[in-house]
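Me: I would like the terms used for this structure checked against their cut-offs. Please take them one at a time.

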Amino acid sequence: MIIRNVTMDDLNHFVELYVDAYRGYEEYAERTVKDIKRYFRWLYKRDKNGFFVGEIREPVGFAACDTNWISPFEGRRIAELHELFVKTEFKGKGIASKLLERAIQYGRSKGLSTMGLWVGEKNEPAKRFYKKHGFVERGRWGVWIRMVRKI
Ligand SMILES: CC(C)(COP(=O)(O)OP(=O)(O)OC[C@H]1O[C@@H](n2cnc3c(N)ncnc32)[C@H](O)[C@@H]1OP(=O)(O)O)[C@@H](O)C(=O)NCCC(=O)NCCS
């Protein structure tokens, strides 16, 4: 797999993979194509250098790490992992692990020492994935669980 920075040309692949990856977890995801496109543009604007796509001939997963994020939860600038998802047929092959590793490297390269994220309370595969990668639960906000780790 190669990992490269996202460009605006990846918009349609992002929408297609997002809908596919979040099937079964819709309550934690944007619902309409319009909202997913708006979200893509927001991620790109927040920190395009931290916005990655993994490709095996074609896109198989995305990760978005925002190093400009002043976290209200931590009260300081951290590397916020806004997004991470993998196309269903490619799950369980270590693709998210590689995308996460790239996002962590990027956060470190910006001098940050903490990564944080919000995960849906019933999103067991994602919670297990993050725990395995050293994230710990630090709080809650509605249906969302706050997880953080040192990077
Ligand atoms: C959470 C998510 C990103 C994980 O993606 P993934 O590519 O399947 O993750 P990985 O393959 O790196 O790791 C997942 C599992 O596969 C296993 N695995 C890793 N490499 C493997 C390999 N080469 N062969 C087989 N299994 C492997 C891991 O041990 C891990 O096991 P676990 O079930 O104990 O966690 C994915 O399930 C997803 O897209 N979910 C929907 C979107 C979402 O919820 N995103 C998070 C929002 S906060």
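Reply: Strand 5 (residues 114-120) and strand 7 (residues 144-150) pair in the antiparallel sense over seven bridges. The model is predicted: local features need pLDDT of at least 70 and side-chain atom pairs count only at pLDDT 80 or more, while totals for chains, interfaces and linings use all residues. Residues are numbered from 1 along each chain as its sequence is written, and side-chain values use heavy atoms, with hydrogens and water left out.

Me: Which strand pairs with strand 4 in the antiparallel sense?

Reply: Strand 3 does, over nine bridges. Ile 70 has Arg 77 of strand 4 as its bridge partner. The hairpin of strand 3 and strand 4 has four residues between the strands, and Gly 75 takes a positive phi near 75° there.

Me: Why is strand 4 called largely enclosed?

Reply: Nine of its 11 residues are buried, so the rest of the structure largely encloses strand 4. Buried means under 20% relative accessible area, exposed means over 50%, and partly exposed lies in between (1.4 Å probe, protein chains only). Strand 5 is mostly covered too, with six of its seven residues buried.

Me: Why does Glu 55 count as buried?

Reply: Glu 55 has 16% relative accessibility, so it falls under the 20% limit. Glu 55 sits in strand 2. Leaving aside residues up to four places away in sequence, Glu 55 touches Met 1, Ile 2, Arg 4 and Val 60, where contact means heavy atoms within 4.5 Å.

Me: Why does Arg 57 count as exposed?

Reply: Its value is 81%, so Arg 57 is over the 50% limit. Arg 57 lies in the loop between strand 2 and strand 3. Arg 57 also has a positive phi of about 70° although it is not a glycine.

Me: How do you know that the span of helix 2 is close to the expected one?

Reply: Helix 2 (residues 33-46) has 14 residues and reaches 20 Å from its first C-alpha to its last, close to the 20 Å expected. The expected span is 1.5 Å times one less than the number of residues.

Me: Why are the buried residues of helix 2 said to line one face?

Reply: In helix 2, Ile 36, Tyr 39, Phe 40 and Leu 43 are buried. Seen down the axis, the buried residues fall within an arc of 105°, so they line one face of helix 2. The arc is that of the directions from the helix axis to the C-beta atoms. The face turned away from the buried side carries exposed Lys 34 and Lys 45. The buried residues of helix 2 pack against helix 1 (11-21), strand 2 (51-56), strand 3 (58-71) and strand 4 (76-86).

Me: What makes an aromatic pair?

Reply: Rings of Phe, Tyr and Trp (its six-membered ring) pair if their centres lie within 6.5 Å; planes under 30 degrees apart count as stacked, over 60 as edge-to-face and the rest as tilted. The whole structure has 21 aromatic pairs. Tyr 39 and Phe 40 belong to one aromatic cluster whose members also include Phe 14, Tyr 18 and Phe 85.

Terms used
Helix = DSSP H or I, 4+ residues; strand = E, 2+ residues; numbered from the N terminus. Pairing = 2+ DSSP bridges.
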